[in-house]
Amino acid sequence: MPKKVIMKGNEAVALAMRQINPNVVAAYPITPQTEIVQIFSSFVSDELVDTEFVTVESEHSAMSASIGASAAGARAMTATSANGLAFMWEVIYIAASLRLPIVMAVVNRALSGPINIHCDHSDSMGARDSGWIQIYSENAQEAYDNMIQGIRIAEHEDLKLPVMVTMDGFIISHAMENLMVLEDDKVEDFIGEYKPQYPLLDIENPVTYGPLDLYDFYFEHKRQQAEAMRIAGRIIKNVADDYEKLSGRSYGLVEPYYLEDAKVALVVLGSTAGTAKACVDELRLEGKKVGLLKIRVFRPFPYDEIIEALKGLKVVAIMDRSDSFSSFGGPVFNEVRSAILSLERPPITLSYIYGLGGRDVNLKDILGLYHDLEEIVFSGEPGEVLRYLGVRES
Amino acid sequence: MASLKELAGGTPNLLTGGHRLCAGCGAPIIVRQVLAVAGRDVVISCATGCLEVATSIYPYTSWAVPFIHNAFENAAATISGVESAYKVLRRRGKLSKDIKFITFGGDGGTYDIGLQSLSGAMERGHRMLYVCYDNGAYMNTGIQRSSATPRGANTTTSPVGKGLKAGKPQYRKDLTGIMAAHDIPYVAQVSPYNWRDLTKKVEKALSVDGPSFINALSPCPRGWITNTPDTIELTRVAVDTCFWPLYEVEDGRWKVNYKPKEKRPLIDWLKMQGRFKHLFNPENQGIIEELQADVNRRWEKLLNKAGESV
């Protein structure tokens, strides 16, 4: 029987890793991910897993060793946050380009500088074009579920792409939550045995990984990588269907919430979706036509689902927990806005940058935001497109 | 131990011909000597550099053994991941073969940008051999100085000019010493002219239960401005002048493997190379003496560590 437990996000992710029992974990501690590494270390010490745990001297080496392990033919996992992910930058691109199905938990934290340890999405958003599948989690339950699904997605024979599962630092990683966890053997059956293609350790069939790839082939290889990402959405949905049969919990690329008849909506990723859902519930009781679109999978970018979900709306606020410093809104805003431009009557879109460096966003903030959107519907005046929520401007 | 005949081609060539390394390059000579000992049951990782770009141009590869290139600074971390995978897959009964793990990196990927990755892998105790082919500069990007470049060398980032009359101002980093300070089971310095010494050391390095490091002198005719047929001779003179002593550190015990009967003056080695040409100009008087004094000091220090008299 599945079990109801009370644990923090970090504990839930570490638990998923124990149940996955990967061959190799190479990881380096960084706040707020540290607990995952610590808890997993005790699993290794207590022989609850059979994993080779590589206590690397940096995140760069964590990803480099994960690449070596995965190319060797092992199931490899790691976890990091913020500057740790930034330090991996060079090699996360290589992991994706070598088509290595590494699964990495990213506990979202603001990038330095100035140094800050709290949540925003500047770390994983910066890695959005690295070729990794990115799955954002709303709470610890989703982080746990996404880690397990991540293995099946990454290792799918048509993909062989690395997967980043994110959860908001402290807000999810350090908050106690009720969640349902699966039995160990159910997880083992669900993920199955890893069958590597062209492992380095197949000495009889030597292969060369990471050759110099010049103008005569590089482009074709990049095109193949893009194609794998293009079909990844379908595979992520198939894996979610299988996972629903096992867990009873359903997942899509996006999660529409009261959008059918909504006039205004937010588009949001991560834990803020939970806060926004509570606001929608409250406003719906007042008869307000408000809704929410949570993006679960940001890479591949689910543009079809987003277009479908947002059609017919009047005003949409697109929430970014990171700034791109392009002076034209954050990454979520730009991509969502670009996707829905193909609608015959696209909704008015506003960019809201919020919550940087762990700045709290609460029910009152979101309720105020919905109120502002309704005002726009009423007045027909969109006003400033580019907005900041919860920042002191003077 | 491999015989000279085997080294010359009696064993299957695991780094095949057709690669694009320059004539006279020391790297493929070193790799072939290492692989002649290691045999087929190896996995190679390689740092970005001349050896990597010239031996694995897609869709071709010169490597008849499993090979991975990841990036410039992480060849040691990469092979540590491969070795960890091997350990766990063996433990789980998925593999039975005895496989060796070898990394090749130039001095750029080893002394400089890759030092942290190398140090970490050595400290963690992976069963791996790291071989540095030290050609004394960033040759792949066009002869820029590294921390392995000898003092006085003319490189493209220590170019001899009006203000920099004597080339690179700094002495070399003692990387072999730094690796010995990691207290790993086996560290050695080799020179390809002495294939018997080199192959014996590779054999030792691959037999220890833990990490090992070998530093190999690797002439670069383009960077050193030398004649291609002189490559092997250059590696001999470097040893005979004690610029590049042959020694090993086995479980903490230092041993000098070759003491020249008559130590040749450093000038014999310098004058073979265009990169030191300016040192013979009148304005650089005294520099060669200083370089000689440094070689003497390091040689005496080494003899001391090995418990030998000068």
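With which residue does E255(A) form a salt bridge, and how far apart are the closest N and O atoms?

Analyst: The partner of E255(A) is K294(A), and the closest N and O atoms of this salt bridge lie 2.8 Å apart. A salt bridge here is a side-chain nitrogen of Lys or Arg within 4 Å of a carboxyl oxygen of Asp or Glu. E255(A) belongs to strand β10 (residues 254-257) of chain A and K294(A) to strand β12 (residues 290-295), so the pair ties together parts that stand 39 residues apart in sequence. Over all chains, the whole structure holds 43 salt bridges.

The model is predicted, with local features requiring pLDDT of at least 70 and side-chain atom pairs counting only at pLDDT 80 or more, while totals for chains, interfaces and linings use all residues. Residues are numbered from 1 along each chain as its sequence is written, chains are lettered from A and ligands numbered from 1 in the order in which they are written, and side-chain values use heavy atoms, with hydrogens and water left out.

Chain A, which carries this pair, has 12 helices and 16 strands; helices (H or I, at least four residues) and strands (E, at least two) are DSSP runs numbered from the N terminus. Its radius of gyration is 21 Å, close to the 21 Å that the globule rule gives for 394 residues, so chain A is as compact as a globular protein of that length. That radius is taken over C-alpha atoms, and the globule rule is 2.2 Å times the number of residues to the power 0.38.

Some backbone details of chain A also deserve attention. Most residues other than glycine have a negative phi, and most peptide bonds are trans. R299(A) and P300(A) are joined by a cis peptide bond with omega of about -5 degrees, and P300(A) sits in the loop between β13 (297-299) and α10 (303-310). Another cis peptide bond links T31(A) to P32(A), with omega of about 0 degrees; P32(A) is in the loop between β2 (24-26) and α2 (34-45) of chain A. A82(A), although not a glycine, has a positive phi of about 40 degrees and lies in helix α4 (residues 82-97) of chain A.

Salt bridges also occur between the chains: seven are found across the interface of chain B and chain A. One joins the side chains of E204(A) and K97(B), at 2.6 Å from N to O. Elements giving two or more residues to the side of chain B that touches chain A include β1 (42-46), α4 (75-91) and α6 (115-124) of chain B. The most comes from α4(B), with 12 residues.

In total, 45 residues of chain B are in contact (heavy atoms within 4.5 Å) with 44 residues of chain A. The two chains bury about 3300 Å² between them, 59% of it from carbon and sulfur atoms; this is the accessible area (1.4 Å probe) lost when the two parts are put together, summed over both. Strand β9 (residues 208-209) of chain A also pairs with β2(B) in the parallel sense over two bridges, where pairing requires at least two DSSP bridges. Within that pairing, T208(A) has F67(B) as its bridge partner.
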